[in-house]
Amino acid sequence: MEKLIIAPSVLAADFANLAKETSMLNESAAAWIHIDVMDGVFVPNISFGFPVLEAIKKHSTKFLDCHLMIEKPERYIAQFAKSGADMITVHAEACPHLHRTIQQIKSEGCMAGVAINPGTPVSVLEDVIEDLDLALIMSVNPGFGGQSFIANSIQKTSQLKTLINSSGKDIYLEIDGGVNKNNAVDLIQAGANVLVAGSFVFASVDPKSTIQELLDLV
Ligand code: DX5
Ligand code: ZN
């Protein structure tokens, strides 16, 4: 497993300057770009879909980490893979046939992740952990950028780390929501190795140095 990965969320980027934002990220120390897809049903907000992912793919040299906050994501896995996703993460709460959906993501040639909401226990991942490339703890209720970090997420990160260790597999442990330099160290110490950061990066004066600043915490 690589060292710490920063995955800036383009939800907080300037959509009218997406090419510029993407090349800024290309030049940055961020290894991944986090892409938040929202359907207005699973979460109370609509963000963007395939055309935006395809536009980012065209300009990006980074690993594209797609976080699907949508109901029944199995309907669209093939199209997200075709549009350029490297990792496809679905929500456990949105998938009645979670195991099947994970296999579907892999059969499309992508890495597979599962996210859990703040109100969902880590134990939900127990029976699929060995099939995962990534497990994601939501540290805010999904739907919006710029929300405050839920402190209990640090304890959930430790629980997930224990579960990952017991699987004996290399699985990315990603945290998403309200991540900043004040909680990053605790999250890393608890076992996180992928940190999503939206507003903390994009609302800063110099996003590239903010990304570096997060990496320098370890
Ligand atoms: C929230 C999204 C997050 C969001 C993070 O529903 O999944 O990825 O963009 O934004 P910040 O870092 O501002 O909380
Ligand atoms: Zn996200």
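In which sense do β3 and β4 pair, and over how many bridges? The two strands pair in the parallel sense, over three bridges. The legends below refer to a predicted model.

**Figure 1**
Strand β4 spans residues 87-91, and five of its five residues are buried, so the strand is largely enclosed by the rest of the structure. Met87, Thr89 and His91 point one way from β4, while Ile88 and Val90 point the other way. The pairing of β3 with β4 is parallel and has three bridges; Met87 in β4 is the bridge partner of Asp65. β4 also pairs with β5 in the parallel sense, here over five bridges. Val114 in β5 is the bridge partner of Val90. Strand β5 (residues 111-116) is mostly covered, with five of its six residues buried.

**Figure 1. Strand β7 and its pairing with β6.**
Strand β7 covers residues 172-176; five of its five residues are buried, so this strand is largely enclosed by the rest of the structure. Tyr172, Glu174 and Asp176 point one way from β7, and Leu173 and Ile175 point the other way. Strand β6 (residues 134-138) runs parallel to β7 and is joined to it by five bridges. One of the residues involved is Leu134, whose bridge partner in β7 is Tyr172. Asp176, a buried residue of β7, is also a ligand of the zinc ion (ligand 2), through OD.

Why is the arrangement of the six donor atoms octahedral? The angles they subtend run from 69 to 170 degrees, which makes the arrangement octahedral. The test behind this label requires opposite donors to be over 155 degrees apart and all others to lie between 65 and 115. For reference, the ideal angles for six octahedral donors are 90 or 180 degrees. Along the chain the donors follow the spacing H-x1-D-x30-H-x108-D. The pair of His34 and His67 links distant parts of the chain: His34 belongs to strand β2 (residues 32-38) and His67 to strand β3 (residues 63-69), 33 residues apart. Both His34 and His67 are buried.

**Figure 2. Surroundings of ligand 1.**
There are 20 residues around ligand 1, and those that come nearest are Asp36, Gly143, Asp176, Gly198 and Ser199. The side chain of Ser199 has an N or O atom 2.5 Å from an oxygen atom of ligand 1. For Ser9, a polar side-chain atom lies 2.9 Å from an oxygen atom of ligand 1. For His34, an N or O atom of the side chain is 3.4 Å from an oxygen atom of this ligand. On its own, ligand 1 has 380 Å² of accessible area, of which the protein covers 99%.

**Figure 3. The loop between β2 and α2.**
Phe42 lies in the loop that connects β2 to α2 (50-59). Is Phe42 buried or exposed? Its relative accessible area is 15%, so Phe42 is buried, the cut-off being under 20%. Phe42 and Glu93 are 51 residues apart in sequence, and their C-alpha atoms are 8.9 Å apart in space. Gly49 is found in the loop between β2 and α2 as well. With a relative accessible area of 22%, Gly49 is partly exposed. Gly49 and Phe80 are separated by 31 residues in sequence and by 8.7 Å in space, C-alpha to C-alpha.

Lys72 is placed in the loop between β3 and α3 (77-82). Although Lys72 is not a glycine, it has a positive phi of about 45 degrees. Lys72 is partly exposed, with a relative accessible area of 48%. Val205 lies in the loop between α7 (199-202) and α8 (207-215). Val205 is exposed, because its relative accessible area is 87% and the cut-off for this class is over 50%. Val205 and Ala85 are 120 residues apart in sequence and 29 Å apart in space, C-alpha to C-alpha.

How values were computed: Residues numbered from 1 in each chain as written. Chains lettered and ligands numbered in written order. Predicted model: local features only at pLDDT ≥ 70, side-chain atom pairs only at ≥ 80, totals over all residues. Heavy atoms only, no water. Donors = N, O, S within 2.8 Å, 3.2 Å for Na, K, Ca; no water. Tetrahedral: all angles 85-135°; square planar, octahedral: opposite > 155°, others 65-115°. Helix = DSSP H or I, 4+ residues; strand = E, 2+ residues; numbered from the N terminus. Buried < 20%, exposed > 50% of the residue type's maximum accessible area, 1.4 Å probe, protein only. Near = heavy atom within 4 Å. Polar contact = N/O pair within 3.5 Å; in protein donor to acceptor, adjacent residues only side chain to side chain. Areas by Shrake-Rupley, 256 points an atom, 1.4 Å probe, with all protein chains shown as cover. Pairing = 2+ DSSP bridges.
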